[in-house]
Amino acid sequence: NVIRWGIIKMASIFSDKATIIIRTMLYTPDRKWVIRDFEKEFNISCGRTATVLGVLRKKGFVTGTRSGRLAYSMLINKKEIIEEWNKFYNFDFNTTHLYYSPNKEVLEKLREYFTKRRLSDKYALTLHTGANLITNYVNIDSVYCYLDSEDFKEISLDLRQGLDLKELKTGGNIFLIKPYYKKSVFLNRQKIKGYSIVSNLQLYLDLYNFPQRGREHAEYLLRILREKGESFV
């Protein structure tokens, strides 16, 4: 089945480790990448890298010399690959746990929690929470926060106790997220106003198919980044 094979191929290039390759190439558009580079810098096997680059090349997203001593790959058609990514990925792929806090300063308390425990590398804000620190575009009190996948259970329990969060089945204003992209979601993480935030690319991907004004905010974020000369496309 050609359609099913195509879906499998797209899933393979937008899997966790595969997107490390894409994310890195998006942020280094002028670099000529050699397959071994990804093994040395990101511990991605040469075989997996070759497979991902092969699919990207067939879809017209990668150019360069395929084989020989001077073989290299460069990402092209960045806008198109992100469009394909948006067709595949949805924020709902993540596992989200809902909580409530009456504290109006809960976001600041969350930052203090991670700073005091020296765990700032274990979390990253996303969706409107993270993007608003760049755009200040959507008036929302909810907090969307990725936690490190490997330590999710331990950190989320301690965080709930430390901030006195109430667990809910529906609703809530605090969303602790176990990421679908366990490794790559934290790639190119940034620090803004003392908060750890996912990359601009991940913000865009998370927002794009998010129902509550997500696409609107994603497009505004991209416009702001272009004006600053920080766009990934």
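Predicted model: local features only at pLDDT ≥ 70, side-chain atom pairs only at ≥ 80, totals over all residues.
Two residues are in contact when heavy atoms of one lie within 4.5 Å of heavy atoms of the other.

Helix α6 spans residues 106-116, and its buried residues include Val106, Leu110, Tyr113 and Phe114. Viewed down the axis of α6, the buried residues fall within an arc of 90 degrees, so they line one face of the helix. The buried residues of α6 are covered by elements including β4 (123-125), β5 (143-147), α8 (152-163) and β7. After α6 comes Arg118, which has a positive phi, near 55 degrees.

Strand β7, one of the elements that cover α6, also takes part in strand pairing. Strand β7 (residues 174-178) pairs with strand β3 (residues 95-100) in the antiparallel sense, over five bridges. Within this pairing, Thr95 has Lys178 of β7 as its bridge partner. Strand β3 also pairs with strand β6 (residues 166-167), again in the antiparallel sense, over two bridges. There, Tyr100 stands opposite Lys166 of β6.

A further point of interest is His128, a residue of helix α7 (residues 127-135). Buried means under 20% relative accessible area; His128 counts as buried because its relative accessibility is 1%. Its side chain reaches the backbone oxygen of Gln212 at 2.7 Å. Leaving aside residues up to four places away in sequence, His128 touches Val138, Ile140, Leu207, Phe210, Gln212, Arg213, Gly214 and His217.

Conventions
Residues numbered from 1 in each chain as written. Heavy atoms only, no water. Pairing = 2+ DSSP bridges. Helix = DSSP H or I, 4+ residues; strand = E, 2+ residues; numbered from the N terminus. Buried < 20%, exposed > 50% of the residue type's maximum accessible area, 1.4 Å probe, protein only. Arc of directions from axis to C-beta. Polar contact = N/O pair within 3.5 Å; in protein donor to acceptor, adjacent residues only side chain to side chain.
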